[in-house]
Amino acid sequence: MNKPPVRADKRRAPTPAGIVLLYALFAAIWIWSSDRVLGFLFSNAADFESASTLKGMFFIAVTSLLLYLLIRRWQASLQQALAVSTHYRERLERVLRGSSDGWWDWNFESGEAFYSPRCWEMLGYAPDEMPSDTRLWHRLMHPDDVAAAKRGFQDAMANATQGFSIEVRLRHKDGHYVPVLSRYMVQRNADGAAILVSGTNTDLTERNRAEERLRQAAAVFETTREGVIVTDGERRIAMVNPAFTTITGYAEDEVKGRRPDFLRSGRHDNDFYRQMWSSVGTAGHWQGEIWNRRKNGEIYPQLLSISEVRNDAGTVTNYVGVFADISRLRASETQLDFLAHHDALTHLPNRLLLVSHMEHGLRAAQRDGARVALMMLDLDRFKDINDSLGHSAGDALLKQVAGRLSGRLRGMDTVARLGGDEFAILLTQIAHPEDAALVANDIIASLGQPWTLPNGVEVRTGTSIGISIYPDHGTTTHDLLQHADAALYRAKQEGRGCFRYFTQNLTYAARERIDLEARLHRAVEQDELRVYFQPQVDIATGRIVGAEALVRWLDPKEGLIPPSRFIPVAESTGLIADVGEWVLRHTCLQGKKWIDAGLPPLTLAVNISPRQFLRSDIGDTVARILQETGFPPTCLELELTESALMEREQDVVTLLNRLRDIGVRLAIDDFGTGYSSLTYLKRFPLDVLKIDKGFIDGIPHRKDDGAIAAAIVAMGQTLGFKVLAEGVEHEGQLAFLQSTGCNMYQGFLRSPPVPADTFRELLVHAHAPV
Ligand SMILES: Nc1nc2c(ncn2[C@@H]2O[C@@H]3COP(=O)(O)O[C@H]4[C@@H](O)[C@H](n5cnc6c(=O)[nH]c(N)nc65)O[C@@H]4COP(=O)(O)O[C@H]3[C@H]2O)c(=O)[nH]1
């Protein structure tokens, strides 16, 4: 910074009047006193004259020297004052230039006006382009600002104010208006009259722009739907916007000064946050989805971006977090996803989702060796209902149909609406192709029931169903859909209200099965079942020592139906429990009758199906029936299959022990066809081994069968079991069995299964050994 020039001589400079007075005084004294001295010294006139001339010359020399000194001193002080003034003027100019303000003054006495170059520069003019004219401003000023500017100026002039400032718009050279802050002061003379006005002009363009930007930023901050958190460099919340409060439920006062950690949901681990802040630290920002918690405890997803703010020195001064609550977005995405995969009316899966479920189901079935059924159905007379009652009635009906269909199925199955009145049902993991027919029949019955529409009108419709089975009718979704559709077409052609498989054979088989099931229910209720008895003969004595009870079904229309036809149906439908109990009760009743009639004591063997054995409480059932009928437990033998015993080994041991405790005998049926392991023979408390008919058939021609039968006999006896051979038809077989030491046999050689009365006769005739 330049220092102002220091004044060397601080004494006051003499005034011109002082100098003149000093000079006059000196000259008067000199003339008066020198003339007297010369008169005293020289009496001679010539000498006096010469001395006077010299004295005059001396006076001129002294006064000239004096004048010189005075002028030099005056000149020095003038230069000093000029230097000081120049210094201050330059300093002022520098300040004004630095402040980018222009300055000006108007001198009322001289009528001159001065404008600094900056005054013109801010309006786009070169300094010499404009005249120095005090009236120029009115021409450049925006017309709307002129009145206020005049008023302000007049006030200032009238001494209402010393200084004055006003914002006006001045026209730029290119035509636009520049906002300018004009500040000025009025200088007055001793009489108070204004002699000079000087002031500065500040270009407000940048300031206005910055203010505008701030205003806009503040408006965005206040009104944006995104939540904004501003923290200091220590991540303590400095301010939040209203949207933050709306989204989180926290008011600004509640969060100020806190770290935003309290908003965490607990869904992310510490690693997540570490990575997030490390990204902010390295890249300056982070953006991603994050789960946070509202004040009410609700966890919600937000899209968050965090940026750091650094000062000029590079220090982080703030972090700004901007987030959007995307829970609605997520919900709409879910909704969109739902709509893309579901039918809007019934909310059932659409074709797309059905196909996806099918693909999944087929893969699982392939892995597990199971079957999958695809059923397609449409409503009979739906078009009539729609046309006559209107679309809203049709829609209401479709919704109800969807409800009934869904209600009938297991959670793992899929009901889909393919469009119009067309629905599809996917049954996964079915055991038999015919199982689909049972469901189809139920659906036909269910959809055949009357429907009550919202307007109270009752309508009836029915359905036809086409069925295709994986892998029987196709292994791809495309084939199965096409084949189910073809089957549906045939079902409709063949009379509606029915189902059809893609192949005719399956349709027949399924229909028969369903028919059989319905009739079997009735058969149990209406006593159409019969128990036949097949004698079991002691090989050593030839005496009948027991009988196997075998169920028969005496159908009023079809006559006698063998168990091989209806036992599998009873097993797959669960009806076997009723059938089994019925056979057990009638066998015990019959046995008790024979005992009461004085016939020799017999062991009556009853078949227990694996399902009956494992599902119902067989121990209680047996005990109850023995109690009810009075048949001695020791005379009852239960025939179990190998497969039933192998299913749940530990439960089976408990169950067999319970039966043993009751006192009944236990036989293993069809021995040799299954696992036939020594281990389980030792573990299970059994009494009798029944050699499967398959081994007896080959005797005596097939050596292997004979050897197996002989081995079973030997093994059974070693373990302390009685051994009985099934299906003995020839003497040769009997002789062979006799040679092995087999204990008993049953078979057509002695008698087929016969009704109770016939068996009684057999017993009576066989009183004596044959
Ligand atoms: N070819 C030939 N066959 C002979 C001979 N001796 C006996 N059979 C037949 O062999 C089957 C023996 O019954 P199973 O092995 O227990 O096999 C039975 C049994 O598994 C099942 N069953 C029969 N009645 C019942 C019952 O009340 N409950 C259960 N759960 N299953 C039963 O049905 C199967 C078939 O029974 P059925 O048709 O009565 O057939 C009976 C019987 O008629 C013979 O010398 N030659």
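Strand E23, residues 665-671, is mostly covered, with six of its seven residues buried. The model is predicted.

**Strand E23 and its partners**

- E23 runs parallel to strand E22 (residues 636-641), and five bridges join the two.
- Across that pairing, Glu637 stands opposite Arg665 of E23.
- E23 also pairs with strand E24 (residues 688-691), again in the parallel sense, over three bridges.
- Here Ile668 has Leu689 of E24 as its bridge partner.
- In a regular strand, side chains alternate between the two faces of the sheet.

**Strand E10 and its partners**

- Strand E9 (residues 299-310) and E10 run antiparallel and are joined by nine bridges.
- Strand E6 (residues 227-232) also runs antiparallel to E10 (residues 316-325), with six bridges between them.
- E9 and E10 form a hairpin with five residues between the strands.
- In that hairpin, Gly314 takes a positive phi near 90°.

**Helix H18**

- H18 covers residues 576-596, which is 21 residues.
- At 1.5 Å a residue, H18 should span 30 Å; its end C-alpha atoms lie 30 Å apart, so the two values agree.
- Which residues of H18 are buried? They are Ile576, Val579, Gly580, Val583, Leu584, His586, Thr587, Cys588, Gln590, Gly591 and Trp594.
- An α-helix has 3.6 residues a turn, so residues three or four places apart point the same way.
- The buried set includes Ile576, Val579, Val583, His586, Gln590 and Trp594.
- After H18 comes Gly598, with a positive phi near 85°.

**Helices H12 and H13**

- H12 (residues 382-389) packs against H13 (residues 391-408) at an angle of about 140°, and their axes are 6 Å apart.
- H12 contributes Phe382, Ile385, Asn386 and Leu389 to the contact.
- H13 contributes His391, Ala393, Gly394 and Leu397.
- By class, the contact has five nonpolar and three polar residues, and no charged ones.

How values were computed. Residues are numbered from 1 along each chain as its sequence is written. This is a predicted model: local features need pLDDT of at least 70, side-chain atom pairs count only at pLDDT 80 or more; totals for chains, interfaces and linings use all residues. Helices (H or I, at least four residues) and strands (E, at least two) are DSSP runs, numbered from the N terminus. The expected span of a helix is 1.5 Å times one less than its number of residues. A residue is buried if 20 or more other C-beta atoms lie within 10 Å of its own, exposed if 12 or fewer, and partly exposed in between; C-beta atoms are placed from the backbone. Axes are lines fitted to C-alpha atoms, for helices over the stretch in contact, and angles run from 0 to 180 degrees between N-to-C directions. Two residues are in contact if their C-beta atoms, placed from the backbone, lie within 7 Å. Ala, Val, Leu, Ile, Met, Phe, Trp, Tyr, Cys and Pro count as nonpolar, Asp, Glu, Lys and Arg as charged, and the others, Gly among them, as polar. Two strands pair if DSSP finds at least two bridges between them.
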